Amino acid sequence: MSEATGLQIVSLLPSATDLLFDLGLGANVVGVSHSCDHSGAAGLPILTRSIVSPDAPQAEIDRAVSEAVREGRALYQVDGPLLDRLNPDLVVTQGVCEVCAVTPGTIDAAVRYLPGCLPAAHVLSLEGRSVAGILDDLRALAVAAGVGDRGEQLAADALHDWQNIVPAPHGPRVLTLEWVEPPFYGGHWVPEQVERAGGVNVLGAAGTDSGRATWPQIAALDPDIIVVMCCGYGLSDNADFARTLLTRTDLRAVREGQLWAVDANAQFSRPSLGVVRGAAVLADLLRGQENAGESVRVG
């Protein structure tokens, strides 16, 4: 794909950066968030930082996030002066989850006192909470960047791949965990991924937020398979998080060796085209098949 000419884009969330590179617009990206880990974005100016250390224990991160939300404090800070100097034509953010990435309100707070900042920039907030919503965001991003036809083609290709995933035949009952201390179940598009893979999702509904659960609640649901996909982490870290659950012998899935970890960043946490591959990985997982670098059975 050829690059769009002249347009300067700032992406303040990893999934948008991934989509921009999918659209062939990598050369147009002039700034990113601290979480944008696409290889093509290496070395670009970083405009955000989190008030919570990602290296802290999960329980400590949960406490810090919950406290910030209760107090109405933003979890992320935007470098307004740097944004002003970059003077982008398009700024991409999101409105799905204030815990996951910068929201439009955070941008407004960062540039409020900079008189020349973003007078002409278009701020696009991606809002997809389902697979269809992700494809709609892809199309909207493509239109905003002046490459609408590319977006339509990519969306059509992704939908074709989604529809051609072969589901596992036996319909196991699946619990997805986006956090383990305390446990949070997967929401948004994750239940759709489970169902497309042939599983029965035991907690969470498509298009709704992820939610907090309790271990007694999970034990009572008695899922056949537990998949650890902690938000913001790759396969190796999620395998480590899953191993902390091996002592939970009250969970039949753990006792029977049906505790799995996946690459959440690449295929589950982010509203990007990776969710299609994630559903295919889940389908193999439900058949008991590991995908090297994408899933692993723990224990």
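Modeller: In this predicted model, pLDDT is the predictor's confidence in each residue, on a scale from 0 to 100, and the protein averages a pLDDT of 89, with 88% of the residues scoring at least 70.

Colleague: Which residues have a pLDDT below 50?

Modeller: Those are residues 110-115, a stretch that has nine contacts in the model beyond its near neighbours in sequence. Where pLDDT is low, the predicted coordinates should not be read in detail.

Colleague: Why is helix α5 called roughly antiparallel to helix α6?

Modeller: Helix α5, residues 131-144, packs against helix α6, residues 148-163, at an angle of about 160°, their axes being 7 Å apart. Angles over 145 degrees count as roughly antiparallel, and therefore α5 is roughly antiparallel to α6. The crossing of these two helices is right-handed.

Colleague: What makes up the contact of α5 with α6?

Modeller: From α5, the residues include V131, L135 and L138, and they meet residues of α6, among them L154, A155 and W162. The residues of this contact divide into 10 nonpolar, two polar and two charged.

Colleague: What makes the pairing of R270 with D37 a salt bridge?

Modeller: The closest N and O atoms of R270 and D37 are 2.9 Å apart, and a salt bridge requires a side-chain nitrogen of Lys or Arg within 4 Å of a carboxyl oxygen of Asp or Glu, so the pair qualifies. R270 lies in the loop between α11 and α12, whereas D37 lies in the loop between β2 and β3, so that the pair links distant parts of the chain, 233 residues apart. The structure holds 12 salt bridges.

Definitions and conventions:
Residues numbered from 1 in each chain as written. Predicted model: local features only at pLDDT ≥ 70, side-chain atom pairs only at ≥ 80, totals over all residues. Heavy atoms only, no water. Contact = heavy atoms within 4.5 Å. Axes fitted to C-alpha atoms, helices over the stretch in contact; angles between N-to-C directions. Helix = DSSP H or I, 4+ residues; strand = E, 2+ residues; numbered from the N terminus. Parallel < 35°, antiparallel > 145°, perpendicular 65-115°, else oblique. Left-handed = near helix turned anticlockwise from the far one by under 90°. Nonpolar A, V, L, I, M, F, W, Y, C, P; charged D, E, K, R; others polar.
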